[in-house]
Amino acid sequence: MGLNKYYDRVYSGVLGKILGVYLGRPVEGWTYENIQKTFGEVYYYKNHITGAPLIVPDDDISGTFVFYRALADNGWDPNLSAEQIGEAWLNYIVEEKTILWWGGLSRSTEHTAFLRLKNGIKAPESGSIALNGRSMAEQIGSQIFIDTWALINPNNPDRAADMARKAASVSHDGIAIDAAVYLAAIEAMAFEEKNLDTLLDRGLAYISHPLLISLIADIREQCAKAKDWKEVRQWIADHHGYERYPGNCPMVTNHLVVLASLLLGGDDFQESIMIATSMGWDTDCNAGNVGCVNGIRLGLECYDQGTDLRKAVGDRMYVVSSDGGSCISDAVLETRKLLIDASELCGDDYQSPKTRYAFEFSGSTQGVIPYDYETEEQKLTGVEHARENYGLDGCALVYQGLGKGTHATACIDTFIDLNPKGKEGTSYFDVICSPTLYSGQDVTVTVQGIYEQNPDMILFIQHFNEVDGLEVKYSERFPLERGENTLTWTIPDLGGHSIYRLGLRLLSDRRADGAVIIRTIDWANAPRKYHLRKSMEMTPSLTPWTTSTAWLKTFVSSAQHFHPDYTTTFSICHNEDNGVVTTGTHDWDNYSIQSKITFSQQNAAGLVLRAKGHRQYYGAVFTEGKARIYRQTDGLRRVVAEVDYPYEIDSTYELTFASEGSTLSLYVDGALVLQGEDSTYARGGAGFVVDGGATLADEMTIERIGG
């Protein structure tokens, strides 16, 4: 179908979603009156006033960019079922920690649906009115997660609506499903059709709920005759305010806000998300949906027509799930995933860039931001996409007055700030994640020198240390020639401590004004060697009562208890099957994980590799007098290989679990005891698993196999 003509529109839709969420997030939960009294019309981000960072974890972003992964996980089956999407919930959600508002059974719609799924009730029954009641089933959540089903089906509203209906039914029912489907169909059509009235008319073909159809007609009538958005807001409050519907965040009120914001904002992107935010109710959800619709409909040009909303965000986003290495993300990385899915569905041949950072979309900077330490000597004056001014795709680092004693420095976050500033820290959603960069990985940067005389460049990392403070380590100084320069640096051993940022520093011994262009940055594949030492070595102040450390936060745990251990490295306890703890990223393929494990009174325990979520991975365990390698796929375990192995309770064994191609190998105390073949999972993170009990792990080493 010529998917390539939609590439920029998909990226624009992703951008619109996150810009809308970040605009609405600081006033989420505020009354309309308080918003008006404090800000009036919210045209720009207010996080600096409310006290939170701009880039925060948010369910609108995490759920949107996680749940649709069910499609890839099931081989891009165009007939993907609601049950399969429900399984993705169980794989990617960490209970009480990620994505959802954990408000409790029969209080939070999504929490209620999750508990149904966990207890064996499959979708769509998990979200049904019959099981959960109307007050749960007709809330806003089905709509806020729906955008990606349209983004992977550009100009295919039939399939977008079908997938959206199934996705919405995991947690919702009734009018909430039709409202989500209506929005998804409109978004899919918006890749070709710009006229809003035409979109709203054509979208009606995909819904049948009589109340929703009536409400759509009513809000269109109100918007057509209103003098301004406040008049329409008053009509919604009078006739369809929260108090008129059961539950704490009803679909109807917020769906009307979304439609009104689109109609009243017209072709002005900033105006539309301003209205969605300033009206109140569920501000980040509504502005996010409006932003996505208009990002698709109006294209990247819409971001150049009003205040610059892109620069402060810089493409950055958190996608929080059990797949911890995918959390620190950006709009370009998420767009690539969407385009891969769209390509698989339509038979197109989209070729994703081979490097993590390639800045291939107009205006993209992929989270490259000015370095906010040593600012007195900072001579970086801009971070911008290079196409407009230099005719190349890349990220231009612009400097002015660079010379001896100064620097021009940019950086990229590779983990979270463990000591955040501000009243709210991040937000009421925690950032549960793993770093994207580890000791032992090779960082390669290609830099375009523009002039005969260019500055030199130093790469560096900012990392946490034994007292959870930050330290910096630098590479050698690389001279930059005119043309393309390739810089490579192997990240030094940090003893298991996490890397917060990768830095790019320009230095010059004489006055320099101008720019260099970062063409690509990459550090693909597993570390050459990454080693966690004993907990006391990494945190000398550790006591037997310490429950968390900076290095422990590099793991994502769905085990009920995961803590540093005073004598070894950490302890893992889980009352049920499948207590999983992982670190690493989705591009780790051929590698081994090694640890000395003390086996206690558990049903099974051992190592995990190639994990993509916590119910899709390979495990190597001792269980029932056997050594076993298995494949976990959703709720099912398939034995890949096993052998009798008379291990002893309360004894310690050094286990090494290795993956090379389709070959999986388990070594015990250095000797190969088990090997099997399975090609289901090609790559993913590493860690530990415990079934019904507890175990101790003493040190951990990840080591790349092959090149």
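This is a dialogue on how to read some features of a predicted model.

Colleague: Before I look at details, what pLDDT does the chain average, and where does pLDDT stay under 50?

Modeller: As a general idea, where pLDDT is low, the predicted coordinates should not be read in detail. In this predicted model the chain averages a pLDDT of 95, and 98% of the residues score at least 70. Over residues 422-427, however, pLDDT stays under 50, although the model has 18 contacts beyond four places in sequence for that stretch.

Colleague: How are two packed helices described, and at what angle do the axes of α14 and α17 cross?

Modeller: Two packed helices are described by the angle between their axes and the distance between the axes. Here the axes of helix α14 (residues 196-203) and helix α17 (residues 251-265) cross at roughly 150° and come within 10 Å. Because angles over 145 degrees count as roughly antiparallel, α14 is roughly antiparallel to α17. On the α14 side the contact is made by Leu-196, Asp-197 and Leu-200, and on the α17 side by Leu-259, Leu-262 and Leu-263. By class, this contact has five nonpolar residues, one charged residue and no polar ones.

Colleague: How many residues line the second largest pocket, and which helix supplies the largest share?

Modeller: The second largest pocket holds about 1,400 Å³ of space and is lined by 46 residues, with Lys-337, Ile-340, His-586, Lys-612 and Arg-683 lying nearest its centre. The largest share of the lining, eight residues, comes from α21, while the elements that each supply at least two residues include α5 (70-73), α6 (82-92) and β2 (328-330). By class, the lining has 17 charged, 15 nonpolar and 14 polar residues.

Technical notes: Residues are numbered from 1 along each chain as its sequence is written. This is a predicted model: local features need pLDDT of at least 70, side-chain atom pairs count only at pLDDT 80 or more; totals for chains, interfaces and linings use all residues. Side-chain values use heavy atoms; hydrogens and water are left out. On a 1 Å grid over the protein atoms alone, a cavity is a set of points where a 1.4 Å probe fits but cannot get out, and a pocket is an open set with protein on both sides within 12 Å along at least five of seven lines; lining residues have an atom within 4 Å of a point. Grid points are joined across faces, edges and corners, and a volume is the space filled by probe spheres set on the points. Helices (H or I, at least four residues) and strands (E, at least two) are DSSP runs, numbered from the N terminus. Ala, Val, Leu, Ile, Met, Phe, Trp, Tyr, Cys and Pro count as nonpolar, Asp, Glu, Lys and Arg as charged, and the others, Gly among them, as polar. Axes are lines fitted to C-alpha atoms, for helices over the stretch in contact, and angles run from 0 to 180 degrees between N-to-C directions. Angles under 35 degrees count as roughly parallel, over 145 as roughly antiparallel, 65 to 115 as roughly perpendicular and the rest as oblique. Contact means heavy atoms within 4.5 Å. pLDDT is the predictor's confidence in each residue, from 0 to 100.
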